[in-house]
Amino acid sequence: MMDKKIADLREKRNQARMLGGEKAVQKQHDKGKWTARERIDYLLDPGSFNETDAFMTHNCTDFGMEKKKILGDGVVTGFGTMDGRRVCIFSQDFTSYGGALGERFALKICKIMDLALKMGVPVIGLNDSGGARIQEGVASLAGYGDIFFKNVRSSGVVPQISAIMGPCAGGAVYSPALTDFIFMTEGTAIMHITGPQVIKAATGEEVSSQDLGGARMHATTSGVCHFAYPTEKDTLDGIRTLLSYIPLNNLDTPPYRETSDDPDRAAEDINDVLPDNSNQPYNMKDIITRIVDDGAFFEVHAEYATNIINGFARLGGHTVGITANQPASMAGCLDIKSSTKAARFVRFCDAFNIPLLTLVDVPGFLPGTEQEYGGIIRQGAKLLYAFCEATVPKITLIVRKSYGGAYDVMCCRQSGADMLYAWPSAELAVMGPQGATNIIHRREITASDNPEQRRAELIEEYSERFANPWEAAARGYIDEVIEPSQSRRKLIDCLTMILSKSESSPRKKHGNCPL
């Protein structure tokens with residue numbers, strides 16, 4: 001009797017592994033896409049995946065759906081390990097009902113999210129779905145609502161990672177939008193609220209699905225996508241890399257990795273990165289890669305708001321979240337997009353105990369009516385709020401310019417930096433020498449027999465007196481002025497010292513970030 005029951009069990013398992021059937025699987029492959037199970041098998045450690053609810057089916061009896069039941073109901077859920085660390089995962093199955101979400105489909109996702117929350121492990125969602133299952137009506141919409149609620153409950157407790165591997169439209173887009181990071185695969189991934197046909201009918205505008213919601217658009221224009229990769233393999237590899245830097249939950253510490261890169265290594269060529277003319281651009285990443293362990297820097301949002309840089313690296317084996325101005329883009333000015341981009345990253349790092357390193361070279365906020373009309377006051381305040389709110393260890397290094405309100409926004413002493421270093425090239429002032437001279441000495445310049453010569457002389461005088469780190473150091477706003485080549489050693493020493501930092505916020509339900 002038991003042998004027969006075991007044989008029945010194995011037969012049902014085989015049925016579940018077939019997903020939507022051979023023809024449907026072949027269609028998936030013909031589109032250049034992997035199946036839900038193939039994605040899980042590649043992402044997780046071999047043999048570690050434990051599936052849950054493999055035999056669940058829908059309970060819909062309308063439109064002949066009672067005759068169309070597929071084991072698993074269109075989504076594969078379970079848990080396993082990635083580089084030996086536990087994770088929970090769900091992978092939507094486009095071969096079953098086009099991956100459309102119904103009541104039981106949503107229930108499976110909610111159950112695995114509940115497990116992740118209870119056990120304190122990340123949730124990875126691989127999205128490939130045609131949207132809500134129309135045959136189930138409002139039950140599908142309720143299923144989305146249940147998932148959204150759990151996304152919010154899990155936010156800041158366990159990391160939530162979304163990968164868009166195919167279509168993700170309508171209400172389905174809001175679950176990924178509520179998670180911490182979104183990956184997209186170029187060519188096959190699509191995210192949009194309303195499709196091209198609806199837009200054409202409503203507005204007359206014609207647009208392709210990829211131009212409307214493809215990976216490239218979201219990675220460069222909307223900022224919805226944090227990582228865009230050319231293939232599914234690259235996308236899944238990216239998820240693995242991201243998880244290698246971050247902790248399992250908000251009570252955990254980021255994973256430590258031994259490095260052969262000497263903490264005392266002096267990056268002698270770093271002195272040559274900055275141009276002699278402080279108004280000339282350079283690539284801030286050339287500084288980052290010279291400082292961090294093995295030059296390894298995993299950038300987040302690399303193609304969006306490129307005037308600021310976010311990403312993960314290690315110093316002495318310890319994970320750090322890096323936010324840095326990028327003088328090679330818009331002179332490193334802060335604007336609406338860069339402020340919100342960086343604020344989101346800073347808040348993630350703070351939620352998950354990742355120390356923050358801020359590299360500063362900012363001439364100020366981008367001027368113009370477009371910025372003012374777009375609410376740069378409120379948008380810029382998001383980044384200021386994020387740094388002030390963060391209680392993780394915070395180190396700031398001023399490389400060159402730190403002017404005006406941007407000085408405060410980029411994690412200065414008054415914004416909560418635990419340790420603030422500066423290079424001798426640092427310039428800290430209300431504004432640059434030219435602007436300050438034109439205001440302070442306006443009458444003197446106008447009255448001069450040679451206004452241009454006098455302006456140049458006064459600019460030089462201002463630069464020598466104020467465009468340097470010495471006034472700030474004299475007031476204690478800078479803890480130490482360091483040689484660029486000693487940056488790595490200083491930062492690692494400082495990080496090691498302040499890792500034990502303990503700081504709490506006043507008791508409150510939550511603050512009111514200027515959203």
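Colleague: What makes H12 roughly parallel to H14 in this predicted model?

Modeller: Helix H12 (residues 336-351) and helix H14 (residues 376-389) pack at an angle of about 20°, with their axes 8 Å apart. Angles under 35 degrees count as roughly parallel, and therefore H12 is called roughly parallel to H14. The crossing in which H12 passes H14 is left-handed.

Colleague: Which residues of H12 and H14 meet, and how does their contact divide by class?

Modeller: From H12, the residues in contact are Ile 336, Ser 339, Thr 340, Ala 342, Ala 343, Val 346, Arg 347 and Asp 350, and they meet Ile 376, Gln 379, Gly 380, Lys 382, Leu 383, Tyr 385, Ala 386, Phe 387 and Glu 389 in H14. By class, the contact of H12 with H14 has nine nonpolar, four polar and four charged residues.

Colleague: Why is H3 called oblique to H10?

Modeller: Helix H3 (residues 36-43) and helix H10 (residues 232-243) pack at an angle of about 45°, and their axes lie 10 Å apart. Roughly parallel needs an angle under 35 degrees, and roughly perpendicular one of 65 to 115, so H3 is oblique to H10. H3 passes H10 in a right-handed crossing. Arg 39, Tyr 42 and Leu 43 in H3 meet Glu 232, Lys 233, Leu 236, Asp 237, Ile 239 and Arg 240 in H10, and the residues of this contact divide into four nonpolar, no polar and five charged.

Colleague: How do you know that strand S2 is largely enclosed by the rest of the structure?

Modeller: A residue is buried when its relative accessible area is under 20%; seven of the eight residues of strand S2 (residues 75-82) are buried, and S2 is therefore largely enclosed.

Colleague: Which strands pair with S2, and in what sense?

Modeller: Strand S1 (residues 50-52) pairs with S2 in the antiparallel sense over three bridges, with Glu 51 standing opposite Gly 78 in S2. S2 also pairs with strand S3 (residues 85-92), again in the antiparallel sense, over eight bridges, and here Met 82 stands opposite Arg 85 in S3. The hairpin of S2 and S3 has two residues between the strands, and Asp 83 takes a positive phi near 55°.

Colleague: Which residues of helix H9 are buried, and what do they pack against?

Modeller: In helix H9 (residues 215-222) the buried residues are Ala 215, Met 217, His 218 and Ala 219. The buried residues of H9 pack against strand S7 (181-185), strand S8 (190-192), helix H8 (209-213) and strand S9 (227-229). After H9 comes Gly 223, with a positive phi near 80°.

How values were computed. Residues are numbered from 1 along each chain as its sequence is written. This is a predicted model: local features need pLDDT of at least 70, side-chain atom pairs count only at pLDDT 80 or more; totals for chains, interfaces and linings use all residues. Side-chain values use heavy atoms; hydrogens and water are left out. Buried means under 20% relative accessible area, exposed over 50%, partly exposed in between (1.4 Å probe, protein chains only). Helices (H or I, at least four residues) and strands (E, at least two) are DSSP runs, numbered from the N terminus. Two strands pair if DSSP finds at least two bridges between them. Axes are lines fitted to C-alpha atoms, for helices over the stretch in contact, and angles run from 0 to 180 degrees between N-to-C directions. Angles under 35 degrees count as roughly parallel, over 145 as roughly antiparallel, 65 to 115 as roughly perpendicular and the rest as oblique. A crossing is left-handed if the near helix is turned anticlockwise from the far one by less than a right angle, and right-handed if clockwise. Contact means heavy atoms within 4.5 Å. Ala, Val, Leu, Ile, Met, Phe, Trp, Tyr, Cys and Pro count as nonpolar, Asp, Glu, Lys and Arg as charged, and the others, Gly among them, as polar.
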